[in-house]
Amino acid sequence: MTTQASVKGQLIALEGTGGRSMAVATRRLERSLRHGGVSAGVSAWDASDIFFQIAGGARGIPAPPPRTLIHLYACDLAFRLRWQIRPALEEGTTVIAAPYVETAIAFGRGAGLPQSWLREIFSFASTPDVCYRVPESTIPVDRRGKPSDSFLEFCFAQLRNGPGHWETEEIRRGFHIHLESRSRCSVVPQLLTGLAATVG
Amino acid sequence: MTPSPAPRRRRANGKLLRDLIRAREEKRGLLVAFEGPDGSGKTTQRKLFKSWLQSEGHEVVTTKWNSSLLVKPLVQARKTAHSLSPEEFCLLHAADFRYRLENEILPAMWQGKMVVADRFLFTALARDAARGLDLRWLLEVYYPLFWPDIVFYFSVSPETSGKRIASTRAPRFYEAGQDVTNIDDPLESYMRFIGRVIREYESLALIFQFVKVDAEQSIFDQHRLVRGLYNSGQRRPWAERNQEALLEWLNHHQEVVEK
C-alpha cells in the first residue's frame, strides 16, 4: 500500500476471530493513526444490534443455519456501510472495519459454503484499501471473547444449540485455513505495536 | 492447499444422501406456493386450498412470509422505524426464508406433510427487483434455490390491487414502496410501486413456470380452478431441481438420515 500521512479516507479491514485480540488491535491501530495525524474511526461488528437482539430473543427456538448467519452478517455490514463506513470515508476519515468481509467468508468456508456464493453475497461491500488479519495464536482460549463480542463465537453458540449437527471446532479450523492461506489479508508483524507506520 | 474438512466430509456423504433423497420421493410431502401482489386474494385462496387438502386427509403445514420467530421481530422493529435500505430489507427477508426452509419446510416435507406457502422466495425477487436490486444478485442471495412443486400465481392489475388494499386500510410504508419512490402519499406511492412489482412477477411467472390464476374472477371460480390445476399437475422428482438444497440440509441433520 502506498500511503502517506496526508492521504485520508482509507478503509482498513481487520479480520479475525474477534473478541479481545480484535479489540486490542483495533484500539492500538486507531490510536497509532491518530498519533500520526490521521483522522480515524472504527466500525465494529453488530452496529445494527441484529445479533444482540437475536441473542436476547432466540432462546428455545431452533438455531439459524450458516447461510442465515451469513445473511444476517451481510445485513449488519450493509447497515455499517450506510451509516458508518461510507459517510466517514467521504469526510476523509480513515475507517478501521473490525471485522469486515473476510471474517464472514472464513466462517462460511469453515461451514462448507461455496466461496463463490460468499463473495457474491458481499459484492455490495467496497474493497478495503488494506486488509490485515489479527493473529489469535497468542490469545488464551478463555480470553478469545464471548458470543456477545465476536461474530464467530456468536455463530458457534448458535450452532451448538441445534437442531443441526455442526462441528464447531472443524468450522474454526476451516476459518483459520481460509484467513491464513486463502483470504487477501496479511499479518503485519508489528500489528499491535507500530502498524500506523505502515499505513499513515 | 489443504482442503477444509467440511466439504471433504460432504463429498463422502454425497452418494448416501442422494440415495436417501431418491428413496424418500414417494413418501415426501409436496410444497405448494401461493404468490401474487398484495390484494390479489392469494391468502383467501391459500386458506381454502388448505381446508380442502385437510378434508382429503392430508396433514398440512402453512408457512407464511417473514414469519420466523428468529427474524420476524427484527424486521418488524426496523419496518416500524423506516430504517431499512433495499439491501438490508432483502437480506433480512432472505435470512428469514432460509431459516424457515431449513427448520420448517424441509422437515415437514421429509415427514410427508403437505406444505402450503403463503408467499415464497418469488415475493422477494419481485419486490427487491422492483426496489432496484439486481436480479442476478438476488438469485445468488437465495441460492441454492428451492423450487416448490407448484406455484400458483394470482394475477391482478395494479388498479385492482390498489382498490382492494385501499378499501380496508392505507398501504404501509414498505408495502407502498415509499422507501424508494419518495412519494409522501401512501396510496399514490403504492400505485406506482405495485406496477413495478407486478411487472417483475410477470417476468418471473415465465421464467419459473408459475401456474397463473386470473385473480379478477370470483373466489369460488378461482378455488375450483386451483383444485383442478393441482389435481392435473405433474409431480417432478425432488432431485431434478432441489438436490443441492436438500443435500446441504441433510448433511447436517443426521437425525433425519438415521430415521
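Modeller: Two strands pair if DSSP finds at least two bridges between them. Strands (E, at least two residues) and helices (H or I, at least four) are DSSP runs, numbered from the N terminus. This is a predicted model: local features need pLDDT of at least 70, side-chain atom pairs count only at pLDDT 80 or more, and totals for chains, interfaces and linings use all residues. Residues are numbered from 1 along each chain as its sequence is written, and chains are lettered from A and ligands numbered from 1 in the order in which they are written.

Colleague: What makes E1 and E4 of chain B a pair?

Modeller: Four bridges join E1(B), residues 31-35, to E4(B). The definition asks for at least two, so they pair. The two run parallel. Val32(B) stands opposite Ile150(B) in E4(B).

Colleague: Why are E2(B) and E5(B) called edge strands?

Modeller: The open sheet runs E2-E3-E1-E4-E5 in chain B, with parallel pairing. E2(B) (60-64) and E5(B) (211-214) each have a single partner strand, so one side of each lacks a neighbour in the sheet. The twist averages 20° from one strand to the next.

Colleague: How do you know that the span of H9(B) is close to the expected one?

Modeller: The expected span is 1.5 Å times one less than the number of residues. H9(B), residues 186-207, has 22 residues and reaches 31 Å from first C-alpha to last, close to the expected 32 Å.

Terms used: Axes are lines fitted to C-alpha atoms, for helices over the stretch in contact, and angles run from 0 to 180 degrees between N-to-C directions.
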